[in-house]
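Hi everyone, thanks for making time this morning. I'd like to walk you through one model, from the fold down to a few side chains. Let me put it up on the screen.

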Amino acid sequence: MSEPHAKDSKGPFDVDRSIPLLPVAADILEEATRKVSALEPVVDAYADRRGQLQIRYDASSVGIRDIERLLDESGVGRLSNTWWRLKSAWYRFVDDNARSSAHSSGGACCNQPPTLWSGDHDVDRKE
C-alpha cells in the first residue's frame, strides 16, 4: 500500500476524507487508488493499514459522490453501517456546498448587514 506524499499546503476548498473500505485484494485496491489519484482535483490518495482510503481533494471540482462511484466501478466496496452512511451524506452536503460557493458569481445577497431599524421604521418617529 502506498504511503502519503501530499503537499503540506491546503487550498481553500481542499478537504481530507477517510473512507472505510471493505476487505479486497491488494492489487484491486492499488488499481483503484491509482484511478482515484489520477483525477486532477485529487491531491493525494492512499490506503492506510486500517483499510481506509485517505484522500485529499479539491471539493470545488470533485465530490465524494465521484470518488464513491469510481471505487464502485473499480470493484472496491465501502462499509454500509449507519455511521458511514451519515458521514457520507454529510460529506456530500459539504462538497455540494463547496462546489456551489466556488462557482457562484457573487458573494452574499448584499454588502450591508441589517440594522435594528431596517424596513419601514422611522428612527425619528416616537410611538
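Let me begin with a pair of strands. Seven bridges hold β1 together with strand β3, residues 52-58, and these two run antiparallel. Before I go on, please keep in mind that what you see is a predicted model.

As for β1, is it mostly covered or mostly open? Mostly covered: five of its seven residues are buried.

While we have α2 in view, take a look at serine 74, which is found in that helix. Its relative accessibility is 15%, so serine 74 counts as buried, the cut-off being under 20%. And what is it in contact with, once we leave aside neighbours within four places in sequence? The contacts of serine 74 are then Ile28, Ala32 and Lys35.

How many salt bridges does a search of the whole structure find? Eleven. I'll show you a few of them.

One of the salt bridges joins arginine 56 and aspartate 16, with the closest N and O atoms 2.7 Å apart. This pair links distant parts of the chain, since arginine 56 is in strand β3 and aspartate 16 is in strand β1, 40 residues apart. How do the two partners compare in exposure? Arginine 56 counts as buried at 14% relative accessibility, while aspartate 16, at 39%, counts as partly exposed.

Another salt bridge runs from glutamate 68 to arginine 78, and here the closest N and O atoms are 3.6 Å apart. Again distant parts of the chain are linked: glutamate 68 belongs to helix α2, and arginine 78 to the loop between α2 and α3, ten residues apart. Glutamate 68 is buried, at a relative accessible area of 9%.

Arginine 78 has a further partner, because its side chain also meets that of aspartate 72 in a salt bridge, at 2.7 Å from N to O. Aspartate 72 is partly exposed, with a relative accessible area of 46%.

Last topic: the rings. A pair of aromatic rings is described by the distance of the centres and the angle of the planes. The count here comes to two aromatic pairs.

Why is the pair of tryptophan 84 and tyrosine 91 called edge-to-face? Their ring centres are 6.0 Å apart and their planes stand at 70°, which is over the 60 degrees needed, so edge-to-face it is. Both partners are tucked away: tryptophan 84 is buried with a relative accessible area of 4%, and tyrosine 91 is buried with 11%.

The other pair is tryptophan 90 with phenylalanine 93. Those centres are 5.5 Å apart with the planes at 35°, so this pair is tilted. Tryptophan 90 and phenylalanine 93 both lie in helix α3, three residues apart, which is about one turn of the helix. Tryptophan 90 is exposed, with a relative accessible area of 53%.

One more contact before I stop, and it takes us back to tyrosine 91. Which charged group sits over its ring? The charged end of arginine 17 does, 4.1 Å from the ring centre.

Definitions and conventions:
Residues are numbered from 1 along each chain as its sequence is written. This is a predicted model: local features need pLDDT of at least 70, side-chain atom pairs count only at pLDDT 80 or more; totals for chains, interfaces and linings use all residues. Side-chain values use heavy atoms; hydrogens and water are left out. Two strands pair if DSSP finds at least two bridges between them. Helices (H or I, at least four residues) and strands (E, at least two) are DSSP runs, numbered from the N terminus. A salt bridge is a side-chain nitrogen of Lys or Arg within 4 Å of a carboxyl oxygen of Asp or Glu. Buried means under 20% relative accessible area, exposed over 50%, partly exposed in between (1.4 Å probe, protein chains only). Rings of Phe, Tyr and Trp (its six-membered ring) pair if their centres lie within 6.5 Å; planes under 30 degrees apart count as stacked, over 60 as edge-to-face and the rest as tilted. A charge sits over a ring if NZ of Lys or CZ of Arg is within 6 Å of the ring centre and within 35 degrees of the ring normal. Contact means heavy atoms within 4.5 Å.
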